Amino acid sequence: LDIDWSTEAIIGRRDKFYAASQRAFVPYKTPLIFARGERQYLWDEAGRKYLDLLGMNVCISVGHAHPTVTRAVEEQIRQLQHCTTMFYHPVPAHFAEELAARMPKGQDWVVHFTNSGTEAIDLALIMAQSFTGNIDMLALRNAYHGATIGAQSLTGISGFRHNVPLLGGVHHIANPDPYRGIFGDDTDAYLAEIDRTIQFATPGTLAGFIVEPIQGYGGIVELPKGYLKAATKKVRDAGGVLIVDEVQSGFGRTGDNFWGFEHHDVLPEIVVMAKGIGNGFPLGAVVARRDVAEVLAKKFFFNTYGASPMACAAGRAVLKVIDDEKLQQNSKTVGAALRAVLDRLHQKYEIIGEVRSHGLMLAVELVSDRRSKTPATKETAEIFEKTRENGIVVSKSGANRNILRMVPPMCIKLEDVAWVEEALDRCFAGY
Ligand code: PMP
């Protein structure tokens, strides 16, 4: 089929035929058109090279066009492109076994595949409600969990919540964010808020509590140590389960652990994963304790593409590459080097209010005044535009659009770090 790569044609077709709702929600002044990717690098249609610090929004976990992933999908596509769960196929079965083996010991884990993170979140919600027999859910303010009615209802950022009847029974509690949270770094105060919410805003019972161990779209905000363990006890005392959204923080990205929740000494009943799981192939999964997942078997939850052998072949290859190339360890090493760069920039530029990171999830929060922490939204937009001019791809994040977020492919190398420092130094010059 013919493809017209000219910039005007791409913009023209997109403007004319895409629904406005599919606009880029983090737009550059003029669109950036990528023609090719190889590992941590991208090339635009004019042949200019970029360092990808965003991994196309965390999906490209092991690098663009990774030959192991490509070969696995190629082989599968030649044999059998599609097979629903109505029939048996070895590839999703192998992948389920391999994913379950990545979970911490201590409970019997089973896997339900979906097509996306959003869909996995909805499934997790149905599981939690069906298993507990309760309706009410706790979620954190500033969280992003997806786009369907269920996942949007759990999302705690107004820009992602449409003005339609979202689900009842979802209570957004104060985000334990030491930098911007309403109780500062007082973890006990955030925990007390959970007690109050259960006491005054619910029937006294919960279906569950959903958290991202590190908020992604919210701007790389990690749960403080001690919070999740204590919160989970309160939730279980009210009859609920813990759902952990590992869509951004899973698969070794934090460097220290394979899953973000492992940093918090908890064993969730339900873990949701997507994005990096398939290195860009549409795939999500809910991995849950066997008895919790089993409640769904009373009804059908069929989806045509869930457990696609093509996507699962990609998923299996991703796990192999993470092991073969020691990418979890690499996330720790390169993450630490990138953190050191951001810390140096923090010393140098007044506009950087805070640097946050864990492994290869990194952010700088920009403020016009360090004391009042007023979000430097306008300046962030200017600096964001400069990142592109300086050949690095990052994201502009957070409810106030004042955070630069970096979640690079996990194959990024120490040799790339100097590029990041030089580029960001040029971007921040004058601020
Ligand atoms: N949870 C988190 C933490 C996410 O970042 C996202 C996507 N950005 C989702 C859920 C939803 O995933 P998807 O876009 O695959 O539906």
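In this predicted model, 29 residues of domain 1 are in contact with 30 residues of domain 2. On the domain 1 side of that contact, the elements that give two or more residues are helix H2 (55-58), H11, strand S13 (352-358), strand S14 (361-369) and S18. H11 gives the most to this side, with five residues.

As for the domains themselves, domain 1 is built from two stretches, 29-62 and 326-428, while domain 2 covers 69-324. The C-alpha centres of domain 1 and domain 2 lie 25 Å apart.

The protein averages a pLDDT of 96, and 100% of the residues score at least 70. Confidence is lowest in helix H1 (residues 7-17), where the mean is 90, and highest in strand S10 (residues 241-245), at 99. For the complex, the predictor gives an ipTM of 0.99 and a pTM of 0.98.

**The shell around the ligand**

Which residues come nearest to the ligand? Of the 15 residues around the ligand, they are Ser116, Gly117, Thr118, Gly146 and Val247. Helix H5 (residues 117-132) contributes the largest share of this shell, three residues. The shell divides into five nonpolar, eight polar and two charged residues.

**A hairpin and its turn**

Strand S1 (residues 34-38) and strand S2 (residues 41-44) pair in the antiparallel sense over four bridges. Within this pairing, Phe34 stands opposite Asp44 in S2. S1 and S2 form a hairpin with two residues between them, and Arg39 in the turn has a positive phi of about 50°.

**Positive phi in loops**

Most residues other than glycine have a negative phi. Two loop residues are worth a look here. Lys326 sits in the loop between helix H10 (309-324) and helix H11 (327-348), and Arg401 is in the loop between strand S17 (395-397) and strand S18 (403-406). The table sets out their backbone angles and surroundings.

| Residue | Phi | Other C-beta atoms within 10 Å |
|---|---|---|
| Lys326 | Lys326: near 50°, positive | Lys326: 13, partly exposed |
| Arg401 | Arg401: near 55°, positive | Arg401: 18, partly exposed |

Why does Lys326 count as partly exposed? Lys326 has 13 other C-beta atoms within 10 Å, and a residue is exposed at 12 or fewer and buried at 20 or more, so Lys326 falls in between. Arg401, with 18 such atoms, is partly exposed because its count also lies between those limits.

Pro409 is found in the loop between S18 and helix H13 (417-428). Is Pro409 buried or exposed? Pro409 is buried, because 27 other C-beta atoms lie within 10 Å and the cut-off for burial is 20 or more.

Leaving aside residues up to four places away in sequence, Pro409 touches Arg39, Gln40, Asp52, Gly55, Ile60, Ser61, Val62 and Gly63. Among them is Arg39, the residue with positive phi in the turn of the S1 and S2 hairpin. Pro409 and Gly276 are 133 residues apart in sequence, yet 9.0 Å apart in space, C-alpha to C-alpha.

Technical notes. Residues are numbered from 1 along each chain as its sequence is written. This is a predicted model: local features need pLDDT of at least 70, side-chain atom pairs count only at pLDDT 80 or more; totals for chains, interfaces and linings use all residues. Domain bounds come from an automatic or database domain assignment. Two residues are in contact if their C-beta atoms, placed from the backbone, lie within 7 Å. A residue is near a molecule or strand if its C-beta atom, placed from the backbone, lies within 6 Å of it. Ala, Val, Leu, Ile, Met, Phe, Trp, Tyr, Cys and Pro count as nonpolar, Asp, Glu, Lys and Arg as charged, and the others, Gly among them, as polar. pLDDT is the predictor's confidence in each residue, from 0 to 100. Two strands pair if DSSP finds at least two bridges between them.
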